[in-house]
2 protein chains.
Amino acid sequence: MKLYGYFRSSAAFRVRIALNLKKLDYENAFIHLRRGDQAGPEFLGVNPQGLVPALEMGDQLLTQSMAIIEYLDETHPEPPLLPRDAAGRARTRALAAIVACDIHPLNNLRVLRYLHGPLGHDQEAIERWYNHWITSGFNAFERLLADDPRTGTFCHGDTPGLADIALVPQVYNAHRYPLDLTHYPTILRVYENCKALDAFAAADPDRQPDSEP
Amino acid sequence: MKLYGYFRSSAAFRVRIALNLKKLDYENAFIHLRRGDQAGPEFLGVNPQGLVPALEMGDQLLTQSMAIIEYLDETHPEPPLLPRDAAGRARTRALAAIVACDIHPLNNLRVLRYLHGPLGHDQEAIERWYNHWITSGFNAFERLLADDPRTGTFCHGDTPGLADIALVPQVYNAHRYPLDLTHYPTILRVYENCKALDAFAAADPDRQPDSEP
């Protein structure tokens, strides 16, 4: 199994956590996003969308982090990343989607570059944009955790799953620009509980071989 | 079952298609997004994230369109919206995610309003932004359909599923600003095949009771 990723890609970070939780070995192929490797003919030959992560398994290529993680969960059921009951699964997927559909797509590198380049915004406007979408998503995420008895040590119960896998890289990103996270005590508690696990700690961007300051 | 939606919300449009494919009856609660109903205390009491769609079932509230559709597919398995094999499911979810994670989050109303308001962009810049993300996503979507023998009458095989449910509202949106879709012959073929089905046609924004010109 070969993971095309980049240390700071939070979608690749999610897949690294899932692979670690499933105790699956994988080889790394580093695609340097800041240098533009993702737009080169070599990587476009692998993934025509030019995005990481992509997971190569034999002659099969899986793309899109959430689809990859669902696949890993279906083909390697233990430990499960989704609860057994349909309602719990819907809650877990909805929490993950707050990050994967409502926060992260607005704050990834290609979007920040569009704001800076074609739209001509400075660092201050970009920082406000960045924090605006995190705040909006985290306000909802925090309430959905704090107001629901199904929240436990982790987002849903006492075992880590899909929602935690989405949340942790987003909290990591939230540290990039100053943002007061003390408004999100439940998010922070879950984040700390996750970081204490090897599967999450080993997936940290700063611990990847392609990490840069 | 009560669906909180808005005729032009493409995420609500997805859920309407899924409910129709499953032949499930539902009641409508219209949240007028342009007027700002989603930010009012009444709807925030229902869904703290202030987004549509939300599906109320007894005392349970489901949010996030893709999580709702997966729930409907798990609790009402016929007709299935995902293929049986894990690889096919991963492909279908990845196609859906190109729309749900890489195109639509950048082009929905709250983002266009941020570009216009706080960032001060005019209609022309917003139109370029809008089409930029559709083009980038559709270029990949088209190649993934055209180059894969699993593409059939629909995105995956000859029955409609999750990828078609995501694609059709996005093609509908692509008509809002002028964009040459003839570069996407496979997307257009699948779109026309979907529109010929009652489940898709009845979910069309223009056919909803809250539709406005």
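Helix α1(B) is mostly covered, with 11 of its 12 residues buried. The model described here is predicted. The buried residues of α1(B) are B:S10, B:A11, B:A12, B:F13, B:R14, B:V15, B:R16, B:I17, B:A18, B:L19 and B:L21. Within chain B, these residues pack against strands β1 (2-5) and β3 (54-57) and against helices α3 (65-75), α4, α7 (162-174) and α9 (198-201). After α1(B) comes B:K23, which has a positive phi, near 55 degrees.

Between the two chains, 33 residues of chain A are in contact with 33 residues of chain B. On the side of chain A that touches chain B, two or more residues are given by each of β4 (60-63), α3 (65-75), α4 and α6 (123-146). The largest share, 13 residues, comes from α4(A). By class, this side of chain A has 21 nonpolar, six polar and six charged residues.

Helix α4(A) packs against its counterpart in chain B. Both α4(A) and α4(B) cover residues 86-107, and their axes are 8 Å apart at an angle of about 65 degrees. Angles of 65 to 115 degrees count as roughly perpendicular, and α4(A) and α4(B) are therefore roughly perpendicular to each other. Their crossing is right-handed. The contact brings A:A100, A:C101, A:D102, A:P105 and A:L106 of α4(A) together with B:A100, B:C101, B:D102, B:P105 and B:L106 of α4(B). Of the residues in this contact, eight are nonpolar and two charged, with no polar residue.

Helix α4(A) also meets α3(B). The axes of α4(A) and α3(B) come within 8 Å and cross at roughly 160 degrees, which makes α4(A) roughly antiparallel to α3(B). The crossing of α4(A) with α3(B) is right-handed. From α4(A), the residues A:A86, A:R89, A:A90, A:R93, A:A94 and A:A97 take part, and they meet B:M66, B:A67, B:I68, B:E70, B:Y71, B:E74 and B:T75 of α3(B). The contact of α4(A) with α3(B) is made up of eight nonpolar, one polar and four charged residues.

How values were computed. Residues numbered from 1 in each chain as written. Chains lettered and ligands numbered in written order. Predicted model: local features only at pLDDT ≥ 70, side-chain atom pairs only at ≥ 80, totals over all residues. Axes fitted to C-alpha atoms, helices over the stretch in contact; angles between N-to-C directions. Helix = DSSP H or I, 4+ residues; strand = E, 2+ residues; numbered from the N terminus. Parallel < 35°, antiparallel > 145°, perpendicular 65-115°, else oblique. Left-handed = near helix turned anticlockwise from the far one by under 90°. Contact = placed C-beta atoms within 7 Å. Nonpolar A, V, L, I, M, F, W, Y, C, P; charged D, E, K, R; others polar. Buried ≥ 20, exposed ≤ 12 C-beta atoms within 10 Å, placed from the backbone.
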